[in-house]
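Q: Hi! I'm new to this one, could you walk me through it?
A: Happy to, here it is.

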Amino acid sequence: MKSKRVNFAATVLAVALIGGGFAIGRETQNSMAAAQRNDSVALARSQNGALPSFADLAAQVAPAVVNIKATSIAKTDLPGQFFGEKGPFPRFRAPIPRQPEPFRRQGTGSGFIIRKDGLILTNNHVVENAQEITVTLSDKQQYKAKILGRDSKTDLAVIKIETKASLPAATLGDSDTLRVGDWVMAIGNPFGLSNTVTTGIVSAKGRTIGAGPYDDFIQTDASINPGNSGGPLFNMSGEVVGINTAIFSQSGGNIGIGFAIPVNLVKNLVPELETKGAVTRGWLGVSVQPLTPDLARSFGLDKERGALVGDVVAQGPADKAGIKRGDVIVGYDGKKVDQSVTLPSLVAATPVGKTVSVEVIRDGKPRTVSVAIGKLNDPTAAAMPPQEKGEWGLALQDIRPEERGQMGLTGTEGVLVTAVTPGSPARNAGIQPGDVILQVNQVPVSSVQGVQDAVAKVKGDKPLLLLLRRADGSTSFAALSRNVG
């Protein structure tokens, strides 16, 4: 199974999903420092007392960990040609068929039994395109498995094997009680090497890595490599606290930064995945973005907190409740929203139809609105010459009436961004050619002259606040600060 990669915010490195290794490699084992004895599972020390041993813990939990082989059918689509004409053995010529030929592709991953009747949890990307799934237990027995449910947004899947035996099942712990610095153990199938045990500590919590809308990963330095995907991360009490999912790496191998899905997220999703095959999520009907220091100042906040509403879906729950663009959501259903990444998970976990209180800051003043949460539906020119870019680094162009329909615009709002100067305030704020400026300092604009008039009113070091319509149809705010020096 080919490893996948997703971008890691503000870096040029990659976070690689770790299901599907084929090459045999050597894992770098973490050196272990002295650890305190745990009341539930003892970390036995050697006779000289130098280093702890995780042997008892590994023996206790390993039987619940399984290896997963997922086989899919792919097709080649190569042009007719002869192989070997320019190779080391030019006399051996084998024609490649002109018609696509199916072949079997096999990837590997990990999983763990969560119920004695053979219910198994793993990553979605381990089994996503599989036509056949083979599960190998720790005692080498093999079973065919079927998929009961998958959720791509959290990269979780529930599969099932049929057996009359009572299987060893892992105990799900409480990931909220994990602390940075706690010991953890990962068990899985890295590089196809079955039942490999590695240990390390919790390096960080609440990591956002760009893997999906509900990012909230546990970071660990326990060695995790391709093939570990879907395997468990245990605490020292032998409880599963995470599902190993991704690595942070340039080469695709372990460099001491791995990510696991918190098990508390998993607990809420497994029942629906098992019985319905999918997850029902709550829907607020807004798109949100983080607040930068400049955006916070523009909206009258003393610091960067909350989730800035960049767009509101017409006739959605938020729209019906009176939430508006430019509102900053700082509380949801009694819970604080300190940053934008917090809100999607809170909304998703809300039962459909429940009425919740949403605390917002509008025009610098707090207010509370009640919202009935809906259900998330999971699908997904000859023109005027551009104006000079000026101090903000923007080249703009009026949009002709006949072009508005093609661009998905309604009404008269909108001025097209045709170019952005490198190193300018506009570029630093993330504005791109093709963006459409809808508002300047929360005042609608419909012409280049309108933008120029609004910009002329910005004095001193006050940021320029723009509402943009992106190429994908979404809207978001951007705050531009004048270059200094």
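Q: Let's start with E272: is it buried or exposed?
A: E272 is buried, with a relative accessible area of 16%. Buried means under 20% relative accessible area, exposed means over 50%, and partly exposed is in between, using a 1.4 Å probe and protein chains only.

Q: Where does E272 lie?
A: E272 lies in helix α3. Helices (H or I, at least four residues) and strands (E, at least two) are DSSP runs, numbered from the N terminus.

Q: And what is E272 in contact with, leaving aside neighbours within four places in sequence?
A: Those contacts are G277, A278, V279 and T280. Contact means heavy atoms within 4.5 Å.

Q: Before we go on, what kind of model is this?
A: This is a predicted model, where local features need pLDDT of at least 70, side-chain atom pairs count only at pLDDT 80 or more, and totals for chains, interfaces and linings use all residues. Residues are numbered from 1 along each chain as its sequence is written, and side-chain values use heavy atoms, with hydrogens and water left out.

Q: What is the mean pLDDT of the chain?
A: The mean is 79, and 77% of the residues reach 70 or more. pLDDT is the predictor's confidence in each residue, from 0 to 100.

Q: Where is the pLDDT below 50?
A: One such stretch is residues 1–15, which has 51 contacts in the model beyond near neighbours in sequence. Residues 20–42 are also below 50, and that stretch has 57 contacts counted beyond near neighbours. Where pLDDT is low, the predicted coordinates should not be read in detail.

Q: Good to know. How many helices and strands are there in the chain?
A: The chain has nine helices and 31 strands.

Q: How much of the chain is buried?
A: Buried residues make up 47% of the 485 residues. The accessible surface comes to about 24300 Å², and 51% of that belongs to carbon and sulfur atoms. Accessible areas come from the Shrake-Rupley method with a 1.4 Å probe, and for residues only the protein chains shown count as cover.

Q: Back to α3. What does it give to the lining of the second largest pocket?
A: Helix α3 gives five residues, the largest share of that lining. The elements that give two or more residues are β13 (196–207), β14 (217–220), α3 (263–276) and α6 (342–348).

Q: Which residues lie nearest the centre of that pocket?
A: They are N264, L265, N268, S345 and A349, out of 30 lining residues. A pocket here is an open set of points on a 1 Å grid over the protein atoms alone, where a 1.4 Å probe fits, with protein on both sides within 12 Å along at least five of seven lines; lining residues have an atom within 4 Å of a point.

Q: How much space lies in it?
A: About 680 Å³ lies in the second largest pocket. Grid points are joined across faces, edges and corners, and the volume is the space filled by probe spheres set on the points.

Q: Switching to strands: how do β23 and β24 pair?
A: Strand β23 (residues 355–362) and strand β24 (residues 365–372) pair in the antiparallel sense over eight bridges. Two strands pair if DSSP finds at least two bridges between them.

Q: Which residue stands opposite V358 in β24?
A: That is V369. V356 has V371 as its bridge partner in β24. V358 in β23 is also the bridge partner of Y332, and four bridges join β21 to β23, which run antiparallel.

Q: What's in the hairpin of β23 and β24?
A: Two residues lie between the strands, and D363 takes a positive phi near 55°.

Q: What about phi of N195 and D333?
A: N195 is not a glycine, yet its phi is positive, near 45°; N195 lies in the loop between β12 (183–188) and β13. D333, not a glycine either, has a positive phi of about 50°, and D333 is in the loop between β21 (328–332) and β22 (335–336). N195 is partly exposed at 26% relative accessible area, and D333 is partly exposed at 24%.

Q: Last one: where is G408?
A: G408 is in the loop between α7 (401–406) and β27 (415–420). The C-alpha atoms of G408 and G473 are separated by 7.7 Å, with the two 65 residues apart along the chain.
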